[in-house]
Amino acid sequence: MACILAVGVATLDIINTVDAYPAEDAKIRAREQRVCRGGNATNTLVVLSQLGHRCRWAGTLGGDYAAEWVRAELKAYAIGLDACRLYRDGDTPTSYIVHSMDTGSRTIIHYRDLPEYGRQDFASVSLEDLDWIHFEGRNTPETTAMMERVKAERPSLRCSLEVEKPRPGIEALFPLADVLLFSRGYAVRQGHHDAPSFLHSLHGRFPHAILTCAWGEKGASGIDHAGRIISSPAFPPPAVVDTLGAGDTFNAGVIDACLRDYSLRETLEHACHLAGMKCGHAGLGFIRRRTS
Ligand code: ADP
Ligand code: FRU
């Protein structure tokens, strides 16, 4: 069991499942509606907590009813909230998600008006007991400062960075991470059509880091210190029920595997296995549900 801190967001997700994605200006009925807590860093923590790790979240919370709900859910997964910053007048960021049964896609419209977690909030967070720290690649000037603090104060503390989309200045964060978790969306925006070619293009740039890139139903690839590219297939569940948070689950699997000192192949297989299992269940409580 390791002690893990993740810096990033929590959201309110309103998920409407529809037969097929609507045309613009259409009026359609949803088959089903689900409201749950989301947000990449907190999703990753919820999975890590079910794998037996001691987890803490560093992020901002609003003062609205949804924030109470976010708090209650994270507490139910034993995720520590001591590093959070509360904005009493703030509202919880909300994602309006259309899940199409036709294609399995999930289109996300995200609205936020809550200040981001920053270096000042992070300054009072103790790094002493941590075995791992994970950052979302967002709010880059502040995240750079937070990651630099980690490197200055606890250079041996292993650190992962999620790179979900291109954001101004995000490349400045890459040399500060030991594990870089790229998404397909980021690789495609860099002009690549598969994970190996994207990872190959970064070969030698971050020689001390492990780089991974998840690619939906194609699985995921990684590149090791020697420049070897390793790939794992996806592990499809008997029926794909919900892919929202599959990437966040994959990231949890990589962090868990690194903490167990798995090889890169074992790491990718473990993460794809976990993410595949998640796709067979609604929400992220799939490990707890399976074992309870
Ligand atoms: P995101 O949630 O960021 O869009 P991806 O779609 O890249 O993430 O998926 C992350 C991981 O989840 C993949 O590497 C794969 O292992 C698993 N996964 C995603 N979709 C499926 C699927 N339809 N069947 C099995 N595994 C999947
Ligand atoms: C899934 C997710 C959702 C959230 C959105 C935020 O990866 O974390 O739960 O609404 O992405 O970008």
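**Entry 1: terms first**

A polar contact is a pair of N or O atoms within 3.5 Å. I need that cut-off for Arg-106, where a polar side-chain atom lies 3.5 Å from an oxygen atom of ligand 1. I also note that this model is predicted.

**Entry 2: ligand 1**

I looked up what surrounds ligand 1. How many residues surround ligand 1? I found 17, and the closest are Gly-216, Gly-219, Gly-247, Cys-272 and Ala-275.

Gly-219 has a polar backbone atom 2.9 Å from an oxygen atom of ligand 1. For Gly-247, a backbone N or O atom lies 2.8 Å from an oxygen atom of ligand 1. Both of these use the backbone, whereas Arg-106 uses its side chain.

Then I looked at cover. On its own, ligand 1 has 560 Å² of accessible area, and the protein covers 86% of it.

Which elements give two or more residues to the shell around ligand 1? They are H7 and H8. I noted that H8 gives the most, with 4 residues.

I sorted the shell around ligand 1 by class. I wrote down 10 nonpolar, 4 polar and 3 charged residues.

**Entry 3: the sheet of 8 strands**

I traced 8 strands in an open sheet, in the order E4-E1-E9-E10-E11-E12-E13-E14. Its pairing is mixed. Where are the edges? Strand E4 (54–58) and strand E14 (229–232) are the edge strands, and each pairs on one side only. From one strand to the next, the twist averages 20°.

As a reminder to myself, strands of a sheet pair through backbone hydrogen bonds, either parallel or antiparallel.

I picked one pair to follow. Strand E12 (residues 210–214) pairs with strand E13 (residues 220–223) over 4 bridges, in the antiparallel sense. Which residue stands opposite Thr-212 in E13? I found Gly-222 there.

Now the helices. Helix H7 (residues 246–259) lies across strands E1 (3–7), E9 (132–136), E10 (158–163), E11 (179–182), E12 and E13. H7 runs at about 160° to E10. Helix H8 (residues 264–279) also packs on the sheet, touching E12, E13 and E14. The direction of H8 makes about 30° with that of E14.

**Entry 4: the sheet of 4 strands**

I moved to another open sheet, with 4 strands in the order E3-E2-E7-E8. The pairing is mixed here too. Its edge strands are E3 (32–38) and E8 (106–111), and each pairs on one side only. Neighbouring strands of this sheet are turned by 20° against each other on average, direction ignored.

I followed E2 (residues 11–18) into E3. Do they run parallel or antiparallel? They run antiparallel, and 7 bridges join them. Within this pair, Leu-12 stands opposite Arg-37 in E3.

I checked for a helix on these strands. Helix H2 (residues 65–76) lies across E2 and E3. H2 runs at about 70° to E3.

**Entry 5: ligand 2**

E2 came up again when I looked up ligand 2. E2 and helix H1 (40–50) each supply at least two residues of the shell around ligand 2. The shell holds Thr-11, Asp-13, Gly-38, Gly-39, Asn-40, Asn-43, Ser-95, Leu-244 and Asp-248.

Thr-11 has a polar side-chain atom 3.3 Å from an oxygen atom of ligand 2. For Asp-13, a side-chain N or O atom is 2.5 Å from an oxygen atom of ligand 2. Gly-39 has a backbone N or O atom 3.0 Å from an oxygen atom of ligand 2.

How much of ligand 2 does the protein bury? Taken alone, ligand 2 exposes 320 Å², and 91% of that is buried by the protein.

By class, I noted 1 nonpolar, 6 polar and 2 charged residues in the shell around ligand 2.

Definitions and conventions:
Residues are numbered from 1 along each chain as its sequence is written. Chains are lettered from A and ligands numbered from 1 in the order in which they are written. This is a predicted model: local features need pLDDT of at least 70, side-chain atom pairs count only at pLDDT 80 or more; totals for chains, interfaces and linings use all residues. Side-chain values use heavy atoms; hydrogens and water are left out. Two strands pair if DSSP finds at least two bridges between them. Axes are lines fitted to C-alpha atoms, for helices over the stretch in contact, and angles run from 0 to 180 degrees between N-to-C directions. Contact means heavy atoms within 4.5 Å. A residue is near a molecule or strand if one of its heavy atoms lies within 4 Å of it. A polar contact is a pair of N or O atoms within 3.5 Å; within protein, one must be able to donate a hydrogen and the other to accept it, and residues adjacent in sequence count only if both atoms are side-chain atoms. Accessible areas come from the Shrake-Rupley method with a 1.4 Å probe; for residues, only the protein chains shown count as cover. Ala, Val, Leu, Ile, Met, Phe, Trp, Tyr, Cys and Pro count as nonpolar, Asp, Glu, Lys and Arg as charged, and the others, Gly among them, as polar.
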